[in-house]
Amino acid sequence: MAQGRPLPEPNRAATARANTLRVVEIFGPTLQGEGRQIGRTTMFVRLSGCDWSCSWCDSAFTWKPGSLAPVLRLTPRETLQRLRDLGPTCRSVTISGGNPTLQDCDPLVDALHAADYHVHVETQGSRAPGWLGRVDAVTVSPKGPSSGMPPDWDALEATLRAAADPDLKIVVFSDADFLFAREVHRRHPAVPCTLQAGNRVGRDRRGRLLARLRWLAGRALADPDMADVRVLPQLHVLLWGNRRGV
Ligand code: SF4
């Protein structure tokens, strides 16, 4: 076919379907509950699939056999329509997972920017696709020893280099996690860093979460090398509990 000639209708439809993303849920408006964007009003697009299997994953329904939520295949246009229906005035979207960098989000990022959305991505930092450099903010969340996942320093560095405006968020359950966070911060001192008190879905109630947050605050305050990190809870869990879709 000559270049530039419009595709026949069936081919156009096939191309559009090829651009689908595997989506587990779209929800909002809500408040971003974690990291440097905490407190911001946003919509969430949660994608399926993860290349890691953290022991305390709070979104195992995106990847874990036996816990999987139904998956929708949505084009960027269909995703935009659902965002508009749910939050007509909200102009911020967080693409999360699972690990959203396993899928080609380029067309969705284009569509969101064309519709004037601020686009924020959350990933653990195992992959660095080029489109990470075209979003507005990227929260990279490497996992400490309590997750059961070994550190991948090279992948983390590549992700931070590829991301347009990265920040680090590290979940801390234990002293070993704190020391891991300290090492991450030592390696990347210029990247804004948040420590987040860990949360075991289904096991941790508010009192235990607050006790862990107090311990973490004390640990960070006593460590001069962590003077410029922030210590935070998961805001949405304090407000609404361990529920999906908030
Ligand atoms: Fe869950 Fe994130 Fe770990 Fe994947 S990287 S298993 S989504 S906590």
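User: What is a salt bridge, and how many does a search of the whole structure find?
Analyst: A salt bridge is a side-chain nitrogen of Lys or Arg within 4 Å of a carboxyl oxygen of Asp or Glu. The structure examined here is a predicted model. A search of the whole of it finds 12 salt bridges.

User: Which residue forms a salt bridge with K169, and is K169 buried or exposed?
Analyst: The side chain of K169 meets that of E34 in a salt bridge, at 2.6 Å from N to O. The two belong to distant parts of the chain, 135 residues apart, with K169 in strand β7 and E34 in the loop between β1 and β2.

User: How far apart in the chain are R127 and D51?
Analyst: R127 and D51 form a salt bridge, their closest N and O atoms being 3.4 Å apart. R127 lies in the loop between β5 and β6, while D51 lies in the loop between β2 and β3.

User: Which helix holds both R187 and E183?
Analyst: R187 pairs with E183 in a salt bridge, with 2.8 Å between the closest N and O atoms. The two residues are 4 apart, about one turn of the helix, and both lie in α5.

Methods: Residues are numbered from 1 along each chain as its sequence is written. This is a predicted model: local features need pLDDT of at least 70, side-chain atom pairs count only at pLDDT 80 or more; totals for chains, interfaces and linings use all residues. Side-chain values use heavy atoms; hydrogens and water are left out.
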